[in-house]
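Morning, everyone. Please have a look at the chain on the screen, and then we will walk through it.

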Amino acid sequence: MEDNNSWVGGEFRQVNDRVISVQLLVMMFLGINFLLILTFFKKSFYTITRYILFAVTLLSDSLILLISNILFLLAYFNFTIQVWLCISISMVLLLYLMVTPVTLTAMTLERYVAICMPLRHAELCSQRIHVHCILIIHGLSSLPCIAVFSSFFASASLSLYKQHKICTLQMYILHRWQGHIRSAVQQFYFLIMVIIIVFCYVKIMKVAKTASGDNKKSTWKGFRTVILHGFQLLLCLIQLWTPFIENVVFQMNLSFDLRFFNYVMFYLTPKCLSPLIYGLRDDHFFHALKNYAVFGLYKEYILQAHQ
């Protein structure tokens, strides 16, 4: 009896340790993203195209972290909610799961224009185009979400919406063909994104080989940025595969451990790449971030102390 109690206690502590570790990671990444977003608005980066797109990924990743963490906790403790509420939350999550990779592709195209078409960069990336670009990104990102929920609404009975269920993305696949539609749309999107990134990669590499001096250094930096976007896109692709993997092994009673591993590796880890790699490797943004984080916060503290 004592051995059984000690085993249960050990399992309970392990569960608590997992939840606490995830919450610490989420709070840390959200804190970093919040500081980067403040820097973006404080230092007038909102007039430059690549920083605007970077801010879109920061906001998108932060929203994904927040919503996915809520769903993670609900599923972890087997807490059920009404299906209609789950649909509302999942629509936002599915939309921004696509906004991030589409924005990464747009950032790659911006680097391609800046390096391979420098004379047209100011025209194609002017301030009046910024809003249009963000609207186009969200419009393109909404199409897979529309496809998923249209097939779900066509198959679900009205009584289903009032039922209480654990909110997961798998619950919207009532029939096998719905999973095929979702998979086909997502794979088509990522095929187009991969083609665009490979195209930009080849074009920038050709320019890098012929460039000289400061242009060569700038071109190779843009080349490495495109490689980074490709790696981030790969992680996003794996992230969208995880619901199908979880669905396959759900009947093996391993789904919870797998879901925890997938959440940490393919939801949390990619969301820290944008701020920790892309934002901090940019010299201008890193310098502004350092000044704001150290001197800006200290200055605000002094001003509040004198009031």
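Let me start with a question: is asparagine 78 buried or exposed? Asparagine 78 counts as exposed, at 57% relative accessibility. Buried means under 20% relative accessible area, exposed over 50%, and partly exposed in between, with a 1.4 Å probe and protein chains only.

Before going on, the ground rules. This is a predicted model, where local features need pLDDT of at least 70, side-chain atom pairs count only at pLDDT 80 or more, and totals for chains, interfaces and linings use all residues. Residues are numbered from 1 along each chain as its sequence is written, and side-chain values use heavy atoms, with hydrogens and water left out.

Back to asparagine 78. This residue sits in the loop between helix 2 and strand 1 (81-82). Its phi is positive, about 55°, although asparagine 78 is not a glycine.

Now the overall layout. There are nine helices and two strands in the chain. Both kinds of element are DSSP runs, numbered from the N terminus: helices are H or I with at least four residues, strands are E with at least two. The order along the sequence is α-α-β-α-α-α-β-α-α-α-α. Of the 307 residues, 43% are buried. The chain exposes about 16,900 Å², and carbon and sulfur atoms supply 68% of that area. Those areas come from the Shrake-Rupley method with a 1.4 Å probe; for residues, only the protein chains shown count as cover. Next, contacts, meaning heavy atoms within 4.5 Å. Take those between residues at least 6 apart in sequence: 80% join residues at least 24 apart.

On to helix 2. Helix 2 has 28 residues and is mostly covered, with 22 of them buried. From first C-alpha to last, helix 2 reaches 40 Å, close to the 40 Å expected at 1.5 Å a residue. The expected span is 1.5 Å times one less than the number of residues. Asparagine 78, with its positive phi, follows helix 2.

Next, helix 5, residues 127-155. Its 29 residues should span 42 Å at 1.5 Å a residue, and the end C-alpha atoms are 44 Å apart, which agrees. Where does helix 5 kink? The kink is at leucine 143, about 25°, shortly before proline 144. The bend at a residue is the angle between axes fitted to the seven residues ending there and the seven starting there. The buried residues of helix 5 include His130, Ile137, Pro144 and Phe149. Cysteine 145 counts as buried too, at 11% relative accessibility. Among the elements covering the buried residues of helix 5 are helix 2 (49-76), helix 3 (83-116) and helix 6 (176-210).

Now the cysteines. The structure holds one disulfide, counted as a pair of cysteine sulfur atoms within 2.5 Å. Which cysteines does the disulfide join? Cysteine 86 and cysteine 167, with S to S at 2.0 Å. Cysteine 86 is in helix 3, and cysteine 167 is in the loop between strand 2 and helix 6, so these distant parts of the chain are linked across 81 residues. The torsion about the S-S bond is about 85°, so the disulfide is right-handed. Cysteine 86 and cysteine 167 are buried. Cysteine 200, by contrast, is in no disulfide; the nearest cysteine sulfur, on cysteine 116, is 7.6 Å away. Cysteine 200 is buried, with a relative accessible area of 0%.

Strand 2 deserves a stop. Histidine 164 is found there, in residues 164-165. Leaving out residues up to four places away in sequence, histidine 164 touches Thr80, Ile81 and Gln82. Tryptophan 84 is 80 residues from histidine 164 in sequence, and 9.2 Å away in space, C-alpha to C-alpha.

Last, the aromatics. Rings of Phe, Tyr and Trp (its six-membered ring) pair if their centres lie within 6.5 Å; planes under 30 degrees apart count as stacked, over 60 as edge-to-face, and the rest as tilted. By this rule there are seven aromatic pairs. One of them is tyrosine 112 with phenylalanine 199: tilted, 5.5 Å centre to centre, 55° between the planes. Tyrosine 112 lies in helix 3 and phenylalanine 199 in helix 6, so the pair ties together parts 87 residues apart in sequence. Tyrosine 112 is buried, at 15% relative accessible area, whereas phenylalanine 199 is partly exposed, at 40%. Ring pairs also link Phe149, Phe152, Phe153, Tyr161 and Tyr172 into a cluster.
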